[in-house]
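Please read the following report alongside the sequence and the coordinates.

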Amino acid sequence: MININNAVQFQHLIWDRIMKSASVVVDATCGNGHDLLYLAERAQSECHLYGIDIQEQAVSASRELLASKKLQSNVTITFLHNSHDIALHQEIKENTIDLIIFNLGYLPGGDHSIITRPHNTIEALNNAFPKLAKDGIITIVAYPGTPEGMEEKEALHKYISQLDQAKYNVCHWHPINQANNPPELYLIQNDNSHN
Ligand code: SAM
């Protein structure tokens with residue numbers, strides 16, 4: 001059973017469902033590769049995954065972790081060492097992405113000053129929107145437990161709250177009886193019902 005207070009675990013409920021039929025998946029902050037591995041292990045044959053990170057150290061860690069595991073045949077992964085706003089704009093050409101995930105903040109065990117920033121995160125979302133499949137979903141875990149994380153969460157919350165409801169379904173999930181501002185989950189779905 002998952003811990004329903006844990007945003008990282010809670011999003012797996014959504015991911016598990018999408019991965020049953022996903023053909024293009026992007027981890028926009030692949031870090032040490034744990035989320036990417038979770039997705040790759042559930043990917044169907046022919047699924048292509050991208051792992052993006054701004055740090056070479058993170059891309060190497062992810063690449064190593066994924067290479068050490070046996071995945072379903074014909075599941076392929078491309079690693080992109082770049083900022084996610086740029087990678088989503090310039091390097092990823094597909095416009096039928098089923099799932100894009102962001103796990104914000106800094107690399108655990110790495111340099112804590114290299115952290116996701118609100119303007120890049122929002123720019124990455126804007127570059128991701130035209131590339132989402134119909135019904136495609138973006139999940140974002142934000143970490144408001146630090147001042148920088150709270151600032152980022154608030155900027156993100158404000159920005160995505162005003163997305164056109166005719167185009168996107170936007171949801172926010174968060175624990176409500178926990179101390180110290182635990183991680184929160186945002187979900188954005190390309191709303192196909194109006195197309
Ligand atoms: N998903 C990862 C995992 O399972 O190990 C954890 C991600 S960690 C919380 C956040 C990552 O975002 C760090 O590795 C950091 O280098 C990366 N990052 C920060 N700013 C970024 C940017 N502008 N573009 C891409 N990655 C960025």
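## Aromatic pairs

There are three aromatic pairs in the structure, a pair being rings of Phe, Tyr or Trp (its six-membered ring) whose centres lie within 6.5 Å, with planes under 30 degrees apart counted as stacked, over 60 as edge-to-face and the rest as tilted. One of them joins phenylalanine 10 to tryptophan 173 and is stacked, with 4.6 Å from centre to centre and 15° between the planes. Because phenylalanine 10 belongs to helix 1 (residues 7–19) and tryptophan 173 to strand 6 (residues 168–173), this pair ties together parts that are 163 residues apart in sequence; helices (H or I, at least four residues) and strands (E, at least two) are DSSP runs numbered from the N terminus.

Phenylalanine 10 is partly exposed at 21% relative accessibility, whereas tryptophan 173 is buried at 17%, where buried means under 20% relative accessible area, exposed over 50% and partly exposed in between (1.4 Å probe, protein chains only).

## Basis of the values

The model is predicted, so local features need pLDDT of at least 70 and side-chain atom pairs count only at pLDDT 80 or more, while totals for chains, interfaces and linings use all residues. Residues are numbered from 1 along each chain as its sequence is written, and side-chain values use heavy atoms, with hydrogens and water left out.

## Lysine 153

Lysine 153 lies in helix 6 (residues 147–161) and is buried, its relative accessible area being 13%. Its side chain makes a polar contact of 3.3 Å with the side chain of glutamate 184 (a pair of N or O atoms within 3.5 Å; within protein, one must be able to donate a hydrogen and the other to accept it, and residues adjacent in sequence count only if both atoms are side-chain atoms). Apart from neighbours within four places in sequence, lysine 153 is in contact with Ala142, Pro144, Glu184 and Tyr186, contact meaning heavy atoms within 4.5 Å.

## Sheet and packed helices

Seven strands make up an open sheet of mixed pairing, in the order 3-2-1-4-5-7-6, where two strands pair if DSSP finds at least two bridges between them. Strand 3 (76–81) and strand 6 stand at the edges with a single partner strand each, so one side of each is left without a neighbour in the sheet.

Helix 1 lies across strand 1, strand 4, strand 5 (132–142), strand 6 and strand 7 (184–190), and runs at about 165° to strand 5; axes are lines fitted to C-alpha atoms, for helices over the stretch in contact, and angles run from 0 to 180 degrees between N-to-C directions.
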